[in-house]
Amino acid sequence: MSAEDPDTPAEDEEEEDIRYFVRIGQTDLDGTKSVERALTGMNGVGRRAARIIAAEAEVDRSATLGRLDDDAVDSIIEHVEGFAEDVPAWLTNRPADYFTGETTHEVGNDLSLTRQQDINRMQMISSYKGVRHERGQKVRGQRTKSTGRSEGTIGVNVEAIQEEMEEEAEGE
């Protein structure tokens, strides 16, 4: 043994205590990341929401998620599920639901399901946005003259024109 490599069994035990996957909702989060960073792995939770959730759950946001005890993880789960009650309506991702009028914050698979239902509703009533979604065109007013082209050819194919001109010249 050298002086630079002391035997540290405490570090080995700490590595064994970590949970590599923490399940919140229907999402497996990386337990090796910090709380704030790991929460952003969920759909519907960004950096600001993750910071607010960690503060409300009274958990250090820079702590490793996999090293937290069960009580802290349960507190995080409660605050993720009740995020809409803890924050103002403008911070939620569904401030006024179309059918119920309630303010909710969807996370995980629920977010993708409600988004798909909204798109289907727009397509069924043939709204402008629904028609754009059906055609696969840009929906939010972006430029379409020069971007978003799905066809393979852009501009003039000079080589094809030169070949046609050479064939015409040989034919004469």
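The questions and answers below look at a pocket, some salt bridges and a surface patch in a predicted model.

This is a predicted model, in which local features need pLDDT of at least 70 and side-chain atom pairs count only at pLDDT 80 or more, while totals for chains, interfaces and linings use all residues. Residues are numbered from 1 along each chain as its sequence is written, and side-chain values use heavy atoms, with hydrogens and water left out.

Q: Which helix gives the most residues to the lining of the largest pocket?
A: A pocket is an open set of points on a 1 Å grid over the protein atoms alone, where a 1.4 Å probe fits, with protein on both sides within 12 Å along at least five of seven lines, and lining residues have an atom within 4 Å of a point. Helices are DSSP runs (H or I, at least four residues) numbered from the N terminus, and two of them, α6 (109-124) and α7 (128-135), each supply at least two residues of this lining. The one that gives the most, with 6 residues, is α6.

Q: How many charged residues are in the lining of the largest pocket?
A: The lining includes R94, R115, D118 and K129, and Asp, Glu, Lys and Arg are the residues that count as charged. Beside 4 nonpolar and 3 polar residues, the number of charged residues in the lining is 5.

Q: Which residues are linked with R94 in a network of salt bridges?
A: A salt bridge is a side-chain nitrogen of Lys or Arg within 4 Å of a carboxyl oxygen of Asp or Glu, and R94 forms one with D97 (2.5 Å, N to O) and another with D118, where the closest N and O atoms are 2.8 Å apart. The residues linked with R94 in the network are D97, D118 and R121.

Q: Is R23, which forms a salt bridge with D28, buried, partly exposed or exposed?
A: The closest N and O atoms of R23 and D28 are 3.0 Å apart. Buried means under 20% relative accessible area, exposed over 50%, and partly exposed in between (1.4 Å probe, protein chains only). Because its relative accessibility is 48%, R23 counts as partly exposed.

Q: Where is V156, one of the residues of a nonpolar surface patch, found?
A: V156 makes this patch of about 400 Å² with V158, I161 and M165, and at 65% relative accessibility V156 counts as exposed. V156 lies in the loop between α7 and α8 (158-171).

Definitions and conventions:
Patch = residues over 30% accessible without salt bridge, like charges linked within 9 Å, V, L, I, M, F, W, Y side chains within 5 Å. Areas by Shrake-Rupley, 256 points an atom, 1.4 Å probe, with all protein chains shown as cover.
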